[in-house]
Amino acid sequence: LEKSLNAMIKEWQSIEFEVKDYKTSGTYVVGGIDEIISLLDDHIVKTQTMRGSPYIRPIEKECKNWEHKLKYAQSMLDEVIACQRTWMYLEPIFGSEDIMRQLPTEAKRFQGVDTLWRKTMAEAHQDPNFMTMADPDKRIEEKFKKANEKLEEITKGLNDYLEMKRLYFPRFFFLSNDELLEILSQTK
């Protein structure tokens, strides 16, 4: 049991995020996470199986700590990926000066999330090791949970804004949100 626990810990030392440049935004996005997700799932199941063994007593504390760290890493990764998805959608929208002027509250919220995203991705680019980023002491999961809540509020505000524009000009009902945003961001 101790050997397999140490083997799992050792295996994670070489696992790294694939941190890629994102367009010309000057920041990065993470990729290659499918392997990390499947390895996390696999190791969580292995650790839980080990904890069920009657012979785990001597290393039970280490095993519990490892399981906690893996579960934290899994939820942290979920939050980061959710944030990345929404951030990639909203980043070009709030890059438009017109939209930022018309939605100042949402733009301010987005700036906060954008700052967190850029700072975290710069750190991940410097040290792409997954377990370094998944350290519970860094509190990345909590930060990104709050960021995702802000992104939901921003998206709701954006949708309300688009709905208001559609009510003023009914032909906009025939356009998708992306097409409507493109038109609105180019209007003078």
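Which are the buried residues of helix α8 (residues 177-186)? Select L180, L181 and L184; buried means under 20% relative accessible area, exposed over 50%, partly exposed in between (1.4 Å probe, protein chains only). They lie on the same side of α8, because they cover an arc of only 100° around the axis, taken from the directions from the helix axis to the C-beta atoms. These residues pack against α3 (60-93), α4 (97-102) and α7, contact being heavy atoms within 4.5 Å. Helices (H or I, at least four residues) and strands (E, at least two) are DSSP runs, numbered from the N terminus.

This is a predicted model: local features need pLDDT of at least 70, side-chain atom pairs count only at pLDDT 80 or more, and totals for chains, interfaces and linings use all residues. Residues are numbered from 1 along each chain as its sequence is written, and side-chain values use heavy atoms, leaving out hydrogens and water.

Next, select β1 (residues 18-22) and β2 (residues 27-31), which pair in the antiparallel sense over five bridges; pairing requires at least two DSSP bridges between strands. K20 stands opposite V29 in β2. Between the strands of this hairpin are four residues, and K23 takes a positive phi near 45°. The K20 side chain also meets that of E18 in a salt bridge (3.9 Å, N to O), defined as a side-chain nitrogen of Lys or Arg within 4 Å of a carboxyl oxygen of Asp or Glu.

Then go to helix α2 (residues 33-51), where K46 and D42 lie four residues apart, about one turn. They form a salt bridge, with the closest N and O atoms 3.8 Å apart.
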